[in-house]
Structure formats: C-alpha cells, structure tokens
Amino acid sequence: MPVFFFLVSAALAQPRYDLVLKHAHVIDPKNQISAIRDVAISQGKIAAVSENIPTSEARKSIDLSSLYLTPGLVDMHTHVFAGSMGREYTGESCVRPDGFTFRSGVTTVVDAGSSGWRNFGEFRDQIINRSQTRVLAMLNIVGSGMGGRPDVEQNTRDMDPQRTAEVAKRHSDVVVGIKVAHYAGPEWIAVDRGVEAGNLAHIPVMVDFATFRPERPFQELVLKHLRPGDIYTHTYLTAVPMLDEQGRLLPYLFEARKRGIIFDVGHGGGSFSFKQAVPAMRQGFPPDSISTDLHVESMNAGMKDMLNVISKFLNMGMSLDDAIARSTWNPAQEIHHPELGHLSVGSPADIAVLRLVDGDFGFVDSARRRMRGTRKLVAEMTLRNGRVVWDLNGMNSEDWNDTSHK
Ligand SMILES: [Zn+2]
C-alpha cells in the first residue's frame, strides 16, 4: 500500500478516545454508579462511562478487571506549604504535595491553614502554581498562618477578618475556606473572627479547636458559633465530648449534624482515637468526610496516608461505596467545588484505581493503639487530567520484551 494511502486511512480511523479503562468496578457516588463499567478519556477529560466501550475506539486500553475505579480522592485537610522557610513550623512540618498524593490515589488536596493572608502569595507561587496535584487552600485566620514563632497562632492582633477575606476573594479560584487552629486562649475570639472572615468571603470555616477549655465548651462551638456548612475537623479526637458514662453517644452531636455542621476526620498525628471512632461508628456517627491532616509527623505515625485512613473506616464497618463518597463527592461539596469528586462526562479525568486486599493488617491510632483488620486499599494507578501519574505495577507499560511495540 502506498504511504499516502496509509496516512489517509489512519486519519480516517482516528480513535475517538485517548484511553479506555476497561472492566473496573466503578464507584462514582455523585452519579450513583457502583458497577462494572468502562471509562473513556479524551483530552484530559472523562469522555464516556458505559457498560462497553470497544477498545477499537481508543488509542490505548487498560484492563482493570478485579480493581475499583473511583474519582481521584479529595483530601480536605493537609499541610503542604513546604519550602525553604528555615525553622518555621510551616516549612518543616509540611510536605510537598506531589510526593505524597498520587501514590495514595489523591488528586486534590486542601491545605488547612498553613498560610494566612500575609504569606499566602508565597504559598501560591512556590507550591500551588507548581504542583501537579490540584492544591486548594484554607487561609488561616492568623495573618502569618502557622509560620513563624511558636506563639504566632496565639496572636489575636494578627487575626484580621477583613484582610483575610480580601485575600480569599482575590484568590477565589483556589481559596476554599478559612481555618481556625491551635488557639489556646479562653475566649471565642479566634473562632468568631474566623466566622467573620467566612461571612465576608462567603466560604466555610474549618476549626481545629485545639485546647478544650471549660470557658468555651465544644458543644457551643458546634451548636452556636459555627454556621451550617462550617467544618469541625478532628472529630474522633480524645478531647471531643462524645460518649456519656455508659458509652452512649451524646445527643448534641446529632443535633449539631442536623444543624448542618460538618464533621471531618482530620486524622493527623494526635487527633484520631479508636476509643472514640469505634463506638461512634457503631452508634451511627460516621464522619461526613475522611481526611488525613497530612504532615511530616502524621505520615510517619498511625495516619500514614489517605488510603490507610479510609481502610480504618472499612474495618470499622463502613462500606466501600460509603467510604469513597466520604473521600470524593462529600469533601468536594463541603469546599463548594461541585465540579470535583465525580466522573461525570466532561469533568477532569482525575481517577484513582484501587485494589482491595484481604489479609491480616494492623491499624494504629494517635494513642499508638492498634486495631486489627482484614481489608486494606492499595493505589494501583492514579490519573490526573487523564495522564497516568502513579502506576504501582506498570499496567500502563508494555512488557520489556514485547516486540510488537517500539
Ligand atoms: Zn492540620
């Protein structure tokens, strides 16, 4: 056949899709899909999800039989303002997102208040704009964020709702909330200023209540001070008043949830206890969203990574479909980014391919107590904007001795 002829017929036979992922069990909670489906990707976007997409319609296909395919995970509590910031808390405790996200199926992270209005520009230039991971942020109500001297987060004079809201609005493409954290004083000032900034910028507030004090009871935080749609992170922290003397869940928690307060995991290094989480799960108080509070200490302790935290919930009785909802579509809605966390046609092809492994596993909480378990999720492959950015077993590669490919 003349070369000319070949080129013409190749052009005519141009496949519709760049990639088709075949035979995976697709879990897409927003679209109420939990079934074996094929997923096609074109130009970095989800192009089709259906029962059978012929491989001939795609440039490339990968067989994902026996694996799960979910939207790329959304971790809404992380610390990724890493940089050359010397001995400051933000620099040394934070991790660079791309080194920790894709290998656990995460494609979107929210930095929870590592920066404030004073140093957000630096965070944006150094990390947000340079990362392959989609990095969103909550601005700390403290202007200097978590950086600087150890007492910086106690400086109420640096809690400026106006300036915080101004910077949030200027960067509304990536700023998704206000963070209140680590305030140890007896007053409500940090929470109330955070809420004021949230009102000015029309975004939710996330609270790490830090030191629990009788002068400002936790019950009042979730029943009065926070607004519906605001987020309490560190739900299963030991200090949260959760159980009565008989081990029954306190009714105010359900009341707060009914008000619209969101309860997030925020596992972290010191904020997740099985003594709280196990009875809460048994008595019907699961988290609205699952998040890691990723930083250097938590990832090297019991938290480890997003899939390890999700696996803890699977072993406490949460269904896989439910766990995926709480780590994709739920957090996307909580941060007011409904374009994320699902596999609708036209949305960015951010995808996690997961293997659910059976075995004898141990999961460790913040008190270094272990829970044994039999199920664990492993990230086989992660795609960001349709591109494979993590591939544990080389499913996207040709065998080294395959001569049919150059
Ligand atoms: Zn945190």
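Is D158 buried or exposed? In this predicted model, D158 is buried, at 5% relative accessibility. The D158 side chain forms a salt bridge with R118, with 2.8 Å between the closest N and O atoms. The two residues sit in separate loops, 40 residues apart. D158 lies between β8 (134-140) and α4 (161-170), and R118 lies between β7 (106-116) and α3 (120-126).

Salt bridges number 14 in the model. One of them joins D18 and R59, at 3.3 Å from N to O. D18 belongs to strand β1 (residues 17-28) and R59 to strand β4 (residues 58-63), so this pair ties together parts that are 41 residues apart in sequence. D18 is partly exposed, with a relative accessible area of 29%. R59 is exposed, at 53%. A further salt bridge links R213 and E215, at 3.2 Å from N to O. R213 is partly exposed at 26% relative accessibility, and E215 is partly exposed at 43%. R134, D350 and R384 form a network of salt bridges.

The zinc ion is coordinated by NE2 of H77, NE2 of H79 and OD of D293, at 2.1 to 2.5 Å. Along the chain, the donors follow the spacing H-x1-H-x213-D. H79 is in the loop between β6 (73-78) and α2 (89-93), while D293 is in the loop between α8 (274-282) and α9 (296-299); the pair therefore ties together parts that are 214 residues apart in sequence. H79 is buried, with a relative accessible area of 6%. D293 is also buried, at 7%.

Methods:
Residues are numbered from 1 along each chain as its sequence is written. This is a predicted model: local features need pLDDT of at least 70, side-chain atom pairs count only at pLDDT 80 or more; totals for chains, interfaces and linings use all residues. Side-chain values use heavy atoms; hydrogens and water are left out. Donors are N, O and S atoms within 2.8 Å of the metal (3.2 Å for Na, K and Ca); water is not among the atoms, so sites may look incomplete. Helices (H or I, at least four residues) and strands (E, at least two) are DSSP runs, numbered from the N terminus. Buried means under 20% relative accessible area, exposed over 50%, partly exposed in between (1.4 Å probe, protein chains only). A salt bridge is a side-chain nitrogen of Lys or Arg within 4 Å of a carboxyl oxygen of Asp or Glu.
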